[in-house]
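Please look over the sequence and the structure below before reading on. The paragraphs that follow treat them together.

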Amino acid sequence: MIEQVAIAFEHKDYQTAAKLLKQLQKESPENPWVQYYLARLNEVSEKHQDAEKIYRQLLRDTRNAKIVTLARQGLRRLQEMELEERQRAISQATAQASDIELGVLVLEPLSTEIKTEASRKFAQIMQLDPYTARLILPSRGWRLYRTGQIGELKFYGKQLQQAGIPCFWATIAQIQQIQVYQVKHFQASTPQATVVCRNEVNQLGSLTFDWSEVTARVVGLLPIFEQVVDVDARRKLEWKTQTQDYTQFCDLHIPGRRSILRLYDSGYEFQQGLEIIPQASQNTIRINWNSLSSWIDQQLPQVKIWSDFTSFADTTLDQTEMLSHIKSHIELFRREQTNWDSAFHLYSGLVLLNNS
């Protein structure tokens, strides 16, 4: 009867093959030829997962060289079909003009308990080996995983979400549309807060808002680099770029206005406006900043603080091409261009977009 099944497959008479296999499964379910043709039937019926499962089981359990060769060929066909189907889907996902905008795909952290299973699914979706997949999936903080056309990133992102792997995507254009105000000082705090600030074209003005409008705080350290003289292994003097200090930043998010109020320690006028810190002129910047941060804590006790910028930056700083499209809205004096500033604005912007 196996010969009849083979002849039915040669003539693409899958209905007859199915009837014969149904009878053979009852008579000799463990016969590797029965299992092979059952896998072939699943393959032509587009039940690819069932077919793959049987092919792999045959590779694991049978010693028949002919069947092993056929099972490997079957797996190769399935892989080629999956690749073609994926390419078709990506082509459809990037068919519109809006689908080819530059974007980012960000992975969110996973708990250790589900990481093993998530790694297997991640490897399958992104066509990676399980070990590499496990290294990529973050345990804490966000990881910038991919940049590229937003349609393709969305295509992968939806598959990851369906597999229980938390992620999100956004376009660089969405980041650029966020209004950023450089806060010089607070003018009032009750009944509403008022800040004196500069807008994106450096115009000085004021902005009044309710504390309830603020939905998130993003804090981070940006390094300050300096050229220093060092002695190399041959005892010769050489110039090196080293981190000399850090500047502390705090962004207050007002998603209802699609705006960020940006404060930083060396740019805040501690001796102007609302007296928040007594004897500010006699304190160091660090003491004044810590006092300002504590005061903001009191105004926003329920608002989440996002403080994982440094770990996010570790996955982002080498994306120079993508970061070059992001205006940082950071006014630190830089002797040389650095990706740190754009990376911080990207992180803060993603927090705003993801929580809106």
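Is His 345 buried or exposed? With a relative accessible area of 1%, His 345 is buried, where buried means under 20% relative accessible area, exposed over 50%, and partly exposed in between, for a 1.4 Å probe and protein chains only. The model is predicted: local features need pLDDT of at least 70, side-chain atom pairs count only at pLDDT 80 or more, and totals for chains, interfaces and linings use all residues. Residues are numbered from 1 along each chain as its sequence is written, and side-chain values use heavy atoms, with hydrogens and water left out.

His 345 belongs to helix 13; helices (H or I, at least four residues) and strands (E, at least two) are DSSP runs, numbered from the N terminus. Leaving aside neighbours within four places in sequence, the contacts of His 345 (heavy atoms within 4.5 Å) include Ile 175, Arg 262 and His 329.

The next topic is the nonpolar cores. A nonpolar core is a set of buried Ala, Val, Leu, Ile, Met, Phe, Trp, Tyr and Cys residues joined through side-chain atoms within 4.5 Å. The largest one has 34 residues, and among those with the most contacts inside it are Trp 142, Met 322 and Leu 346. Helix 13 gives the most to this core, with 9 residues. Not counting residues up to four places away in sequence, Met 322 touches Leu 102, Val 104, Leu 144, Thr 147, Ile 172, Thr 316 and Leu 346. A second, separate core of 26 residues includes Leu 207, Phe 209, Phe 270 and Trp 289. In soluble globular proteins, nonpolar side chains tend to be buried together.

Some backbone features lie in loops. Most residues other than glycine have a negative phi, and most peptide bonds are trans. Glu 46, which is not a glycine, has a positive phi of about 65 degrees. This residue lies in the loop between helix 3 (32–44) and helix 4 (48–61), and Glu 46 is exposed, with a relative accessible area of 66%. Asn 202 likewise has a positive phi, near 70 degrees. Its place is the loop between strand 5 and strand 6 (204–209), where Asn 202 is partly exposed, with a relative accessible area of 45%. The peptide bond from Thr 190 to Pro 191 is cis, with omega near -10 degrees. Pro 191 is found in the loop between strand 4 (179–188) and strand 5 (193–198).
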